[in-house]
Amino acid sequence: MTAGTRMTTAIVDGDTRGAARPPKLVRFALSRLRIEPRHRLLEIGCGGGTAVAAVAARLTTGHILAIDRSAAAVTRATQRNAEHIARGVAEVRQVDLAQLAVDDGSFDTIFALNVNLFLGPDLSIVAIIRRALRPRGRLVLGYWRRDPRQLVGRAERTSAVLEAGGLPAPVLDWASPEHLFLTTTAR
Ligand SMILES: C[S@@+](CC[C@H](N)C(=O)[O-])C[C@H]1O[C@@H](n2cnc3c(N)ncnc32)[C@H](O)[C@@H]1O
């Protein structure tokens with residue numbers, strides 16, 4: 001089956017609780033993350049930390065670890081999330097995913113928004129994600145592009161890499177014509 005035939009046409013907006021209204025991709029992501037207050041999440045490539053803020057606001061006993069390899073991004077995300085970090089529900093760390101050291105099964109959910117993680121045939125990134133997810137944990141990847149054709153190509157390449165790396169074929173859903181999500185659940 002091709003990625004195209006697996007796509008659904010569901011259009012679902014995200015929950016927008018919280019002070020500042022986050023960007024559309026983050027709002028669309030929130031409902032797909034299925035956050036529970038006790039959840040442990042990893043965000044890969046957090047950029048300025050808008051998703052971290054939206055997620056952390058929903059956590060009580062849970063925790064979000066946000067990583068980015070860019071020092072400038074980590075500075076912005078840390079500043080934006082100072083209160084959540086002080087509350088102990090968020091941590092922002094400067095590290096490339098390839099160098100991330102965490103215990104196996106650490107996360108209920110791993111997500112990345114607009115991050116180019118699976119461009120080549122290298123499966124080591126998938127292996128890191130598989131190990132870091134708990135059994136039945138979810139990987140959610142969200143992408144925004146003005147041209148939907150770019151999203152279709154990306155989805156097909158990403159699905160192939162995830163499957164080759166041992167994760168189940170992701171479910172694809174369009175949040176809008178410009179926003180596409182891929183979600184897979186670890187075995
Ligand atoms: C296009 S930005 C998206 C930022 C944010 N997720 C957003 O939606 O606004 C991609 C970010 O991912 C980070 N990044 C890319 N590959 C990474 C990797 N392998 N490990 C950690 N961060 C990565 C980049 O430094 C950059 O900040």
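Read along the sequence, the protein chain of this predicted model follows the pattern α-α-β-α-β-α-α-β-β-α-β-α-β-β, which comprises 7 helices and 7 strands. Of the 187 residues in the protein chain, 39% are buried. Among contacts in the protein chain with a separation of 6 or more, 67% are made between residues 24 or more positions apart.

Helix α7 can be followed in some detail. It runs over residues 148-164, has 17 residues and reaches 24 Å from its first C-alpha to its last, close to the 24 Å expected at 1.5 Å a residue. Within α7, the residues L151, A155, T158, S159 and L162 are buried. These residues lie on the same side of α7, because they cover an arc of only 105° around the axis. On the face of α7 turned away from its buried side, one finds the exposed residues R149 and A164. Just after α7, the backbone at G166 takes a positive phi of about 100°.

As a general rule, most residues other than glycine have a negative phi. R34, although it is not a glycine, has a positive phi of about 50°, and this residue lies in the loop between α2 (24-33) and β1 (40-44). Is R34 buried or exposed? R34 counts as exposed because it has 12 C-beta neighbours inside 10 Å, and a residue is exposed if 12 or fewer other C-beta atoms lie within that distance.

N114 is a residue other than glycine whose phi is likewise positive, with a value near 60°. Its place is in the loop between β4 (107-113) and α6 (124-132). With 14 other C-beta atoms within 10 Å, N114 is partly exposed. Which residues does N114 contact, leaving aside its neighbours within four places in sequence? Those in contact with N114 are L25, Y143 and W144, and L25 belongs to the residue range of α2 (24-33). A further relation concerns R145, which is 31 residues apart from N114 along the chain, while the C-alpha atoms of N114 and R145 are separated by 8.9 Å.

Methods. Residues numbered from 1 in each chain as written. Predicted model: local features only at pLDDT ≥ 70, side-chain atom pairs only at ≥ 80, totals over all residues. Helix = DSSP H or I, 4+ residues; strand = E, 2+ residues; numbered from the N terminus. Buried ≥ 20, exposed ≤ 12 C-beta atoms within 10 Å, placed from the backbone. Contact = placed C-beta atoms within 7 Å. Expected span 1.5 Å × (residues − 1). Arc of directions from axis to C-beta.
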